[in-house]
Amino acid sequence: MDEKGKFLREYSSQYGYKGKLQEIRDSDFTRLKGVKYLDNTGAALYSELQLKHGFEELQRILLGNPHSPNPSSIESTKIIDNVRDIVLSFFNTTAKYYSVIFTSGATGALKLLAETFPWSKNSCFHYYHESHNSVLGIREYVLDSGGTFEAKSLSDLENELTKHSPKLDHVNEGSITDVVYNLFAFPAQCNFSGIKPPMSLIQHYQQSSQYNSGSKRWKVLLDAASFSSTSP
């Protein structure tokens, strides 16, 4: 018995959705036959079924620029809005709380955020030390504004949560002039190690009086690329 057979015999009840994963690989990823493919980024390969349906739709429907009021553009807008709804539903939320913005990928999204974030000379950027390279690139933007950055280890972040800092019921920004905005970034799941830092860090940075006192206000950037594509 080969190594794969031994693995499946021991872990078949925990791996591959009871054989479904292997069926999908054989039918929709024939180009992987005889290939060992390691994905370290949490970004799935496109399947042959996706290509088939995509080509069929492009052949069947006339699509136009979604920013125009003509029939082909209206059809594009409907499709885009539908995809937005699907994304929001996947994350168990609605447009009331979140906006879905399409970018070229996680790197493009992070660059867009870094370029538009209201950095100042007093801003600080905290990030988990095992963050994606594109998250690390944000450091250049805060430095260009005269601010500072600090890398946080997992033990640093866990220690943060043990501090008994009072929680603010409501963080008011409208009544404060010269608000200093700061940013904390961390992955829901590390691309390389698979470590999942505690999600309670979001509320801690957003509502803790330790971080949100005086004119200081903290925003949180959650890199969910690997987590959302590999978690049920």
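Q: Which residues lie nearest the centre of the second largest pocket, and how many residues line this pocket?
A: In this predicted model, 39 residues line the second largest pocket, and Tyr15, Leu21, Arg25, Tyr37 and Asp39 lie nearest its centre. The volume of this pocket is about 1500 Å³.

Q: What makes a residue part of the lining of a pocket?
A: A lining residue has an atom within 4 Å of a point of the pocket. For the second largest pocket, α1 (3-11), α2 (20-28), α3 (48-60) and α10 (225-230) each supply at least two such residues. The largest share, five residues, comes from α2.

Q: What classes of residue make up the lining of the second largest pocket?
A: The lining has 19 nonpolar, 14 polar and six charged residues.

Q: Why are helices α8 and α9 called oblique to each other?
A: Helix α8 (residues 154-162) and helix α9 (residues 200-207) pack at an angle of about 60 degrees. Angles under 35 degrees count as roughly parallel, over 145 as roughly antiparallel, and 65 to 115 as roughly perpendicular. The angle of about 60 degrees belongs to the rest, and α8 and α9 are therefore oblique. Their axes are 10 Å apart, and α8 passes α9 in a left-handed crossing.

Q: How do you know that α8 and α9 meet, and which residues are involved?
A: Contact means heavy atoms within 4.5 Å. By this criterion, Leu157, Glu160 and Leu161 in α8 meet Ser200, Leu201, His204 and Tyr205 in α9. The residues of this contact divide into four nonpolar, two polar and one charged.

Terms used: Residues numbered from 1 in each chain as written. Predicted model: local features only at pLDDT ≥ 70, side-chain atom pairs only at ≥ 80, totals over all residues. Heavy atoms only, no water. Axes fitted to C-alpha atoms, helices over the stretch in contact; angles between N-to-C directions. Helix = DSSP H or I, 4+ residues; strand = E, 2+ residues; numbered from the N terminus. Left-handed = near helix turned anticlockwise from the far one by under 90°. Nonpolar A, V, L, I, M, F, W, Y, C, P; charged D, E, K, R; others polar. 1 Å grid on protein atoms, 1.4 Å probe; cavity = no way out; pocket = protein on both sides within 12 Å on 5 of 7 lines; lining within 4 Å. Points joined across faces, edges and corners; volume = space filled by probe spheres on them.
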